[in-house]
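Here is a short briefing to read alongside the model. Please keep the sequence and the 3D view open as you go.

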Amino acid sequence: AVVSTQSTGKDKDNNKVAMSEVVMICIVLCTSEYCLETTQQLEDKIKEKAQEAYAEKISFNSEMELFSNTITTCLQELVAHLDSLCEPALSAMLKVNWSTLDSVGDQSAYTTSITSHLAATIPAVRDLLHNSRKYFTNYCLKFANSFIPKYVNQIYKCKPVSTVGAEQLLLDTHSLKTVLLQLPSLGSAVARKPTPSFTKTVSQGMVRAEMILKLVMAPSESQLAFVESYINLLSDKDIGDFQKVLEMKGFKRSEQMEMIELFKKTANIPDSEDVGNVADQDSSRIRKLEKLIKKQF
């Protein structure tokens, strides 16, 4: 199955407008950085010239906080822009019937679309922030923190998934992980090694996606063996996440309840844990991953 994600002429015009806004946001960010630095220098210089009795009363903290907040807002807007470009491709994942794929081919159209948007946007932002390297690095990190949980959540929604479908999704996930790990130097003639925190963020999030798909591919004739594989691969005792994998594998509701009871027993989860409404809690399940990959910041 192939899903087309080609842009219309109107979409291309909208992207041009969006990119012009990106340019303006980067200009505001760089200007704010300059103002932040010079304001600190100005405060230090005035304190140096002022009499000691007055020096301690001199503070430009409120002005510096304003510039700092402006920088934060600019970074959030840049991430939101790139997120919005990738959103249609993430939605396209759900239009593929992953249960009927009969062969694994090249990476899916949605993966190519995401990669194309990254390849077009990241180098442009890097050039615009060439004098603000630390903020470009922060931009890449913030995007990874935003995109990866969304991607994992979309994988959970691809249900049911056949073994071949899971193999295709695994290939797509590996392709995206490779691109994301190269994000800071994407399209650059100079390959810069990403920071350890960035590499850790991408690796943890995308490896989880890979493990979920490997579980979907795993045999489940032995319920106990499958439960043990889940616990070993994901080190996860969240019943909701476990049930999502069961749904991806196409288990019936009654079979899911049996597996959940076995999961609770094997993982030593108290009986008081509520499993009645876990299927209705999709939006909250991804929070654990978000906390995990943001934990170190």
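Let's start with Glu261, which is partly exposed because its relative accessible area is 43% (buried means under 20%, exposed over 50%, partly exposed in between, with a 1.4 Å probe and protein chains only). This is a predicted model, in which local features need pLDDT of at least 70 and side-chain atom pairs count only at pLDDT 80 or more, while totals for chains, interfaces and linings use all residues. Residues are numbered from 1 along each chain as its sequence is written, and side-chain values use heavy atoms, leaving out hydrogens and water.

**Helix α10**
- Helices here are DSSP runs (H or I, at least four residues), numbered from the N terminus.
- Gln256, Met259, Ile260, Phe263 and Lys264 are buried in α10. They sit on the same side of α10, because they cover an arc of only 140 degrees around the axis, taken from the directions from the helix axis to the C-beta atoms.
- The buried residues of α10 pack against α8 (223–234) and α9 (239–249), where contact means heavy atoms within 4.5 Å.
- Leu262, also in α10, counts as partly exposed because its relative accessibility is 22%. Leaving aside residues up to four places away in sequence, Leu262 touches Gln223, Leu224 and Val227.
- After α10 comes Asn268, with a positive phi near 55 degrees.

**Salt bridges**
- The structure holds 7 salt bridges, each a side-chain nitrogen of Lys or Arg within 4 Å of a carboxyl oxygen of Asp or Glu.
- Glu261 pairs with Lys264, with the closest N and O atoms 3.9 Å apart. Both lie in α10, 3 residues apart, or about one turn of the helix. Lys264 counts as buried because its relative accessibility is 6%.
- Salt bridges that share partners join Arg208, Asp236 and Asp241 into one network.
- Within it, Arg208 and Asp241 have their closest N and O atoms 3.1 Å apart. That pair links distant parts of the chain, with Arg208 in helix α7 and Asp241 in helix α9, 33 residues apart. Arg208 and Asp241 are both buried.
- Lys177 and Glu210 meet in another salt bridge (3.2 Å, N to O). It links helix α6 (residues 163–181) with helix α7 (residues 196–217), and both residues are buried.

Technical notes. Helix = DSSP H or I, 4+ residues; strand = E, 2+ residues; numbered from the N terminus.
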